[in-house]
Amino acid sequence: MADSLTPTLEHQTPRQYQTELFLEARKRNVIAYLDTGKTCPALDIIYRSGKTLVSVLLIKDKSGGLTENGQKRITVFLAPKVLLVQQQAEVLRKHTNLRVAHYCGDMNVDYWDRRRWAKELAEQDVWVMTPQILLNILRHGFIKITCVNLLVCDECHRAVKKDPYNCIMQEFYHDRATEGKRPHIFGMTASPVNTRAKQTQMKVSDAVWQLERNMDAQVITVINREPVTAAAPLPELKLVYYVRQHVSDALKEVEAGLASAIWTLHRGETVIAQLEAARAQQAAEAACIGLTLDEEKITSLSASTRRHLQGLALVVQVGLFTTSPGRPASV
């Protein structure tokens, strides 16, 4: 445990508001509410408010400790997505000297038994995993919630209804048997409640109160927002208006006629191809029996069909390039 109230990190100096949040979090269970920030692709810069670094300070401060029967206690960092699990584990490895291990479903952790988890408990200082994995091993009795000295919950606003976060809290943390031996709670969120436009202020307040009750923690944030905004600027809001153009009934009729004409032209080309194929077949059959076909009549028929299709194509072109709204094309 830290000997001083001044927090330190391996590669980064905490901002003033991060220090304030840390000092408050080490005294009681809290949910740190800070904006996520934004990304600037043009400059390849990611602006973040730094909630994770507050958790790093707390993990270093709370690491270690034993249960009443001398069993080792561990810190568990929960993140709802596998990518976040990997990212948070890398942050902890970078900023602490603790033994950090992360666990995902593709590691086949669902098939691990009590001995394997006991081995992980003995060899690691921090577990980083999804809440579902922790819920599974708690339900199987592989470890007890009292073996956790600090429970860090990223995106803890999910702790409602049947979400694994809430199941962990309701089934194990709030159990009377764990009273006095429960882990310290530190939650992080960029939005303590999923708000909707139709929600009243009273409903939002009730939702925040329910989250605090589920997590057994109080939502806190920074009073002076200027340093947070400077570190993690809010996304810029831009409005783009879509104006739907009015299409007159006359123009719709012209468009429908053009579509029909194009389809007829396509069918006409198909008919010509069929006629030419039939003529070739008839000529071949006539040659076999020594007859001569009237090539001039057949050619005349094909030429007549082609002239009709050429005229139809002209109609289509005139309609496409000279039609104006409200006035049908004329040829």
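Trainee: Which residues of β4 point one way and which the other, and are they buried or exposed?
Mentor: I74, V76 and L78 point one way from β4, and T75 and F77 the other way. All are buried. Keep in mind that this is a predicted model.

Trainee: What makes β4 mostly covered?
Mentor: The count does. Five of its five residues are buried. Buried means under 20% relative accessible area.

Trainee: How do you know that β4 and β6 are paired strands?
Mentor: Count the bridges. There are four between strand β4 (residues 74-78) and β6, in the parallel sense. Pairing requires at least two bridges, so these strands pair. T75 has V126 as its bridge partner in β6, and V76 has W127.

Trainee: What joins β4 to β7?
Mentor: Five bridges, with the two strands running parallel. F77, for instance, has V152 of β7 as its bridge partner.

Trainee: Which residues of β6 point one way, and which the other?
Mentor: In strand β6 (residues 126-129), V126 and V128 point one way. W127 and M129 point the other way. All are buried.

Trainee: What joins β5 to β6?
Mentor: Four bridges link strand β5 (residues 100-103) to β6, and the strands run parallel. At least two are needed, so this counts as a pair. Within it, A101 is bridged to W127.

Trainee: What unit do β5, helix α4 and β6 make?
Mentor: A β-α-β unit, and a right-handed one. Helix α4 spans residues 114-123. Why right-handed? Point the strands away from you: a path from the first strand over the helix to the second that runs clockwise is called right-handed.

Trainee: What order do the strands of the open sheet take?
Mentor: Seven strands line up as β5-β6-β4-β7-β8-β1-β9, with parallel pairing. The edge strands are β5 and β9 (218-220). Neighbouring strands are turned by 20° against each other on average, direction ignored.

Trainee: What makes β5 and β9 edge strands?
Mentor: Each pairs on one side only.

Trainee: How many bridges pair β1 with β8?
Mentor: Four, between strand β1 (residues 30-33) and strand β8 (residues 184-189), in the parallel sense. V30 stands opposite F186 of β8.

Trainee: Which strands does helix α3 touch as it packs on the sheet?
Mentor: Helix α3 (residues 82-95) touches β4, β5, β6 and β7 (148-154). The direction of α3 makes about 175° with that of β5.

Trainee: Why is helix α6 said to be largely enclosed?
Mentor: Eight of the ten residues of α6 (residues 164-173) are buried, so the rest of the structure largely encloses this helix. The buried ones are P164, Y165, N166, C167, I168, M169, F172 and Y173. Helix α6 lies across β4, β7 and β8, and runs at about 155° to β7.

Trainee: What reaches the backbone nitrogen of Y165 at the start of α6?
Mentor: A side-chain oxygen of D163, to within 2.9 Å.

Trainee: Which residues of α5 are buried, and what do they pack against?
Mentor: In helix α5 (residues 131-139), they are P131, I133, L134, L135, I137 and L138. Their packing partners are β4, β5, α4, β6, β7 and α6. Just after α5, G141 takes a positive phi of about 75°.

Trainee: Why does E120 count as buried?
Mentor: E120 has 7% relative accessibility. The cut-off is under 20%, so E120 is buried. E120 is found in helix α4. Leaving out residues up to four places away in sequence, E120 touches Y103, W112 and W127.

Trainee: What makes the link between E120 and Y103 a polar contact?
Mentor: The side chains are joined at 2.6 Å. The limit is 3.5 Å between N or O atoms, so the distance qualifies.

Trainee: Why is N108 called partly exposed?
Mentor: The relative accessible area of N108 is 45%. Buried needs under 20% and exposed over 50%, so N108 falls in between.

Trainee: Where is D216, and why is D216 counted as partly exposed?
Mentor: D216 is found in the loop between α7 (201-215) and β9.

How values were computed
Residues numbered from 1 in each chain as written. Predicted model: local features only at pLDDT ≥ 70, side-chain atom pairs only at ≥ 80, totals over all residues. Heavy atoms only, no water. Buried < 20%, exposed > 50% of the residue type's maximum accessible area, 1.4 Å probe, protein only. Polar contact = N/O pair within 3.5 Å; in protein donor to acceptor, adjacent residues only side chain to side chain. Axes fitted to C-alpha atoms, helices over the stretch in contact; angles between N-to-C directions. Contact = heavy atoms within 4.5 Å.
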